[in-house]
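Here's a quick briefing to read with the model open beside you. Have a look at the fold first, then come back for the details.

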Amino acid sequence: ADRVNDKDDKVRRATIVSACGAGLERPEALAAVLLQRIGARMNDKKPIVREAARNGMAQLFATHCAEFWKSGKPLPAANKKFSWIPQRLMMSSVVDQAAVLRVDTLLDETVLKHSMPAEQRARCLVGMIASLDSDGEQAFRSLLQSKLFVQHKVVRLLDLRDELKATQDED
């Protein structure tokens, strides 16, 4: 557990990758204190450590919480130690725009997988939102608003392209 806080960023990253990998196979292998320390690394000063922590924690959450929630099943007691991960992910996204994009990608590709049927994604999303506190909910709303803003801009851009094309065809 001490290696998660090592001075060397490569050691911190390797420790996170190893611990999260072990936790995917055997959730009981990860003590709650180690999970908390890895979660804190989502805000590490080094990008490679932040990414390793975000990726590992998203995978742990997807495996040990989302898998149950998507089926509408309650979490087993042993898996509840992973239920705080979305809160930490959301709070790590408020740092900068790159963090927002990375967390959004992790949610879409790891936690709420595109390949999941909509009903399962919705169940998982409900469980995830229920695990957020008010700050986490606000960060999640902000992430959704950013996505909506971009969608509106892309639609407007496509409309302008079509208008330009129509005027060129008339000439």
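Predicted model: local features only at pLDDT ≥ 70, side-chain atom pairs only at ≥ 80, totals over all residues.

Residues are numbered from 1 along each chain as its sequence is written, and side-chain values use heavy atoms, with hydrogens and water left out.

**The whole chain**

- The protein chain has 7 helices and 0 strands, where helices (H or I, at least four residues) and strands (E, at least two) are DSSP runs numbered from the N terminus.
- Read along the sequence, the pattern is simply α-α-α-α-α-α-α.
- The C-alpha trace spans about 70 × 40 × 30 Å along its principal axes.
- Of the 171 residues, 37% count as buried; buried means under 20% relative accessible area, exposed over 50%, and partly exposed in between, with a 1.4 Å probe and protein chains only.
- Among contacts (heavy atoms within 4.5 Å) with a separation of 6 or more, 62% come from residues 24 or more positions apart.

- L89 sits in helix α4, residues 85-92, and is buried at a relative accessible area of 1%.
- Setting aside neighbours within four places in sequence, L89 is in contact with M42, R54, A58, V103 and L106.
- I48 is 41 residues from L89 along the chain, and their C-alpha atoms are separated by 16 Å.
- Two packed helices are described by the angle between their axes and the distance between the axes.
- For α4 and helix α5 (residues 97-111), the axes come within 8 Å and cross at roughly 150°; these axes are lines fitted to C-alpha atoms over the stretch in contact, with angles running from 0 to 180 degrees between N-to-C directions.
- That makes α4 roughly antiparallel to α5, since angles over 145 degrees count as roughly antiparallel, under 35 as roughly parallel, 65 to 115 as roughly perpendicular and the rest as oblique.
- On the α4 side, L89, M90 and S92 meet A99, V103, L106 and L107 of α5.
- The residues of this contact divide into 6 nonpolar, 1 polar and no charged; Ala, Val, Leu, Ile, Met, Phe, Trp, Tyr, Cys and Pro count as nonpolar, Asp, Glu, Lys and Arg as charged, and the others, Gly among them, as polar.

**Helix α6**

- Helix α6 (residues 118-130) has 13 residues and reaches 18 Å from its first C-alpha to its last, close to the 18 Å expected at 1.5 Å a residue; the expected span is 1.5 Å times one less than the number of residues.
- Its buried residues are C124, G127 and M128.
- Seen down the axis of α6, those buried residues fall within an arc of 100°, so they line one face of the helix; the arc is that of the directions from the helix axis to the C-beta atoms.
- A118, E119, V126 and A130 are exposed on the other side of α6.
- The cover over the buried residues of α6 includes α3 (47-69), α4, α5 and α7 (134-170).

- In helix α2 (residues 32-40), the buried residues are L34, L35, I38 and G39.
- They cover an arc of only 140° around the axis, which puts them on the same side of α2.
- What covers them includes α1 (9-25), α3 and α4.
- K10 lies in helix α1 and counts as exposed at 58% relative accessibility.
- The C-alpha atoms of K10 and K46 are separated by 9.5 Å, with the two residues 36 apart along the chain.
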